[in-house]
Amino acid sequence: MFLTSGYLTTGVAISWTIFCITQDRDVQTKIQNEIDHVLKGRLPLYHDLLNLDYLTQVVKESLRLCPPIPFLSRYLTKNINLETSDDPLNLLAGTVILYPLTSIHEDEIITRNSKKFDPSRFSSNQFNIPYSHCPFGFGERICPAEKLSMIEIKLMVCLIMQRFHVELAMPLSKVSRDEKFILMARNDIYIKLVPRKGVEE
Ligand code: HEM
């Protein structure tokens, strides 16, 4: 369970985060400025990763738009009547509900201009609404590795961005989401790594 849950999830999260960064030159510059300022050319330590606030915002925004597990599921143990804007929805015990995270993460009531990649959303408190940002699920079955995964993703993105500029090395139109159990990229994601000037390899 730990192998299947822990391998592809963090892998695709890193890929989608780097892809998102390639799409915005300002975001890229801001991350690199923060990394240079905090690390001053050395390798990151655990406490550095906790202090890289902008990097955290970037990863959270990427997990909002590209949640590695795009659907969550719940098994109903009792009948539930859900209020809706139309007729109430009567759900029977034994039903399995499968629901897409995008329906929460891209809800315009919570997130204005929700399709736009904008890490600065996480500098304000708009995600204080419970469950408004839940790439790791919620409740009793929440992912037990949320903190570990955030560290893994931030570490990899930090090491890459410290040394390289990143460019998308394929037409944007070919980047396509394949929402299976894991959010894969149908044609993979090709990234060109351009060494940063003045940074030791
Ligand atoms: C970016 C990385 C990851 C994401 C986005 C992610 C997301 C999720 C989600 C959405 C769930 C279902 C939660 C729910 O139904 O409420 C889950 C469950 C789980 N995850 Fe993760 N996960 C990640 C990484 C990992 C890693 C690295 C491990 C292990 C080392 C792991 C282990 C598990 C396990 C064991 C469960 C099942 C928990 C249960 O059913 O009680 N995950 N994860």
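Because the model is predicted, local features are taken only at pLDDT of at least 70 and side-chain atom pairs only at pLDDT 80 or more, while totals for chains, interfaces and linings use all residues. Residues are numbered from 1 along each chain as its sequence is written, and side-chain values use heavy atoms, with hydrogens and water left out.

The domain assignment divides the protein into domain 1 (2-69 + 102-195) and domain 2 (70-100), with bounds that come from an automatic or database assignment. The centres of the two domains, taken over C-alpha atoms, are 30 Å apart. Their contact (heavy atoms within 4.5 Å) draws 14 residues from domain 1 and 6 residues from domain 2.

About 780 Å² is buried between the domains, 61% of it on carbon and sulfur atoms; buried area here is the accessible area (1.4 Å probe) that two parts lose on being put together, summed over both. On the side of domain 1, Ile69, Phe138 and Glu179 lose the most area to domain 2, together 47% of what that side buries.

| Link between domain 1 and domain 2 | Count |
|---|---|
| Salt bridges | 0 salt bridges |
| Polar contacts (both residues at pLDDT 80 or more) | 4 residue pairs |

A salt bridge is a side-chain nitrogen of Lys or Arg within 4 Å of a carboxyl oxygen of Asp or Glu, and a polar contact is a pair of N or O atoms within 3.5 Å; within protein, one must be able to donate a hydrogen and the other to accept it, and residues adjacent in sequence count only if both atoms are side-chain atoms.

The iron atom of the ligand has Cys143 (SG) as its only protein donor, at 2.3 Å, where donors are N, O and S atoms within 2.8 Å of the metal (3.2 Å for Na, K and Ca), and water is not among the atoms, so sites may look incomplete.

Over the whole structure, 8 salt bridges are found. In one of them, Arg196 pairs with Asp36, the closest N and O atoms lying 2.7 Å apart.
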